[in-house]
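Work through the exercises below with the sequence and the model at hand. Each task is followed by a solution in steps.

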Amino acid sequence: MRKKSILVVLATAVATTLALAGCSGASSSSSGADASIAIGSLYEPVNLDNTAGGGQGVTEALNGNVYEGLFKLTDDGKVEPLLATKYTASEDGLTYTFTLRDGVKFHSGKPLTSADVKSSIERVTAADSQSARKSQLAVISGIATPDDKTVVISLKSRSISLPYNLSYIWIYGPGAKNYKTAEDGTGPYTLGTWKRGSSLSLERNSEYWGSKAKNKEVVYDYFTDATALSNALLTNQVDVVTSIQSPDALTQFDGNKDYTITNGKSTTKELLAFNDKVAPFDKAEVRKAVYSAIDTKKLLSSIWGKYGTLIGSMVPPSDPWYEDLTKVNPYDVTLAKKELAEAGLPNGFTFTLDTPTYDPHPAVAEFLKSELAKVGITVNINSISADEWYTKVFKNHDFAATLQEHVNDRDVVWYGNPDFYWGYDNPQVTQWVNEAEQATSTAEQTAKLKLVNEQIAKDAASAWLYLYPQIVVASSDVSGYPVNGLNSQFYAYDIVKK
């Protein structure tokens, strides 16, 4: 989930001036190993600590670049060993033993030890942690460090996803006092200069344990306006844009040999999330009626044109347990009215939709208001900031319905947690999620999570409006950048410039 992201729909016309929050300047003319790569983004970090609400921006800039985990999630969604060279699991699946890589040093110069791994995992599971993976690592009952190169994790129950979940855990070194403003990672880059509201630079780590970064420096230039970001690419101020936010922008690059457009795989879902514990959304019939009253195909087209994908559940096509469930709650106004009547609301009802102020949510909210009016449902739009959303909706559960984009892959499991902000509570789903996590094979895990997909769709636990496209545009002189939007990560170390 994006705690604080700035998604601004691009204007059709190209702005004549750059509404830029302090760009660092034109991209470097150097090439090869001496190149400085300018990366244009709308997602500046809130802070530099991914356990303290750093947001999407800190993942994009630091994950895999400055910080590394025991495992790496590749751009195509595979889990590979990184700081751990190997691991073994006990026969009962309750004990995992990891062997750490030799010769790894933090940027502070201190060697990586098992104690650092233990403390890093405990940062994620701590009471004040804001990590998205906190609940999934609650299965850990203890962490032992028998020697500097060995980590033994004990579990309360089987967790087939443990290596995958550990790929999200940054291993922090002891060399920083405040990780919100400084870093001590093991990655191929060290933190250069962070000019808040403007840019963040990363410098090649000459002491890196693995293959050195293929460029000397990367600079994330942050923009508060997506049109300005697009213009920056047109004027060579940046070399690559991590994610285009409107199809209108692509007309400037399509067919131009100086640029490359890549439509990758996204994991970002736009949700109309109900508070399933609050009337009338505590009734599945009402939620289904709302879902069927929304022409999601028309909505997607109005926001993204020919791009993006309709989904009928929380699972994107890139997840192993995907299946097409778009027909479970079809767009059908007659059906919606029938379901409302069956729920005892033949004349509709009124509710407040808490709507984040950044795009595309305001436009989506207005669309929903118009659609639901056709079946007698009145929507009062309450605009709130990203920080207000986090406190009001996510922490306090003080809402009836809300809009939000969920970034992570494999996050359907959150419907198995009745305490999650949307309050969906189906004991059978919770059981299937638990059984999937305790599965002894990926086939068994997949089968259980498909049951979860199907049930939450039948219950319309949320209304999954569409899956964002992942559109990366870059100068044709640049290559080696990631093209898929898995969890907002953007590995920069293989980017090269001719």
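**Exercise 1. Confidence**

Task: State what the average pLDDT of the chain is, and where the pLDDT is below 50.

Solution. The model is predicted, and its chain averages a pLDDT of 91. A score of at least 70 is reached by 94% of the residues. Residues 2-26 fall below 50, although this stretch has 85 contacts in the model beyond near neighbours in sequence. Where pLDDT is low, the predicted coordinates should not be read in detail.

**Exercise 2. Helix α11**

Solution. 
- Step 1: The buried residues of α11 include Leu449, Val452, Asn453 and Ile456.
- Step 2: Val412 and Ile456 are among the residues that touch the most other members of the largest nonpolar core, which has 82 residues. A second, separate core has 32 residues, including Val66 and Tyr220.
- Step 3: Just after α11, Ala460 has a positive phi of about 45 degrees.

**Exercise 3. Strand β1**

Task: Decide whether the two faces of β1 are buried or exposed, and identify which residues stand opposite Ile39.

Solution. 
- Step 1: Ser36, Ala38 and Gly40 point one way, while Ile37, Ile39 and Ser41 point the other way; all are buried.
- Step 2: Because 6 of the 6 residues are buried, β1 is largely enclosed by the rest of the structure.
- Step 3: β1 pairs in the parallel sense with β10 (residues 217-222) over 6 bridges, and with β11 (residues 240-241) over 2 bridges, also parallel.
- Step 4: Ile39 stands opposite Tyr220 in β10 and opposite Val240 in β11.

**Exercise 4. The four-stranded sheet**

Task: Given the order β4-β5-β7-β6, determine which strands stand at the edges.

Solution. 
- Step 1: The sheet is open, with antiparallel pairing.
- Step 2: β4 (84-89) and β6 (140-147) each have a single partner strand, so one side of each lacks a neighbour in the sheet.
- Step 3: The twist from one strand to the next averages 20 degrees.
- Step 4: β6 is joined to β7 (residues 150-155) by 5 bridges, and Ile140 has Leu155 as its bridge partner in β7.
- Step 5: Helix α2 (residues 114-125) packs on the sheet and touches β5, β6 and β7. The direction of α2 makes about 165 degrees with that of β6.

Key
Residues numbered from 1 in each chain as written. Predicted model: local features only at pLDDT ≥ 70, side-chain atom pairs only at ≥ 80, totals over all residues. Heavy atoms only, no water. Buried < 20%, exposed > 50% of the residue type's maximum accessible area, 1.4 Å probe, protein only. pLDDT = per-residue confidence, 0-100. Contact = heavy atoms within 4.5 Å. Core = buried A, V, L, I, M, F, W, Y, C linked by side-chain atoms within 4.5 Å. Pairing = 2+ DSSP bridges. Axes fitted to C-alpha atoms, helices over the stretch in contact; angles between N-to-C directions.
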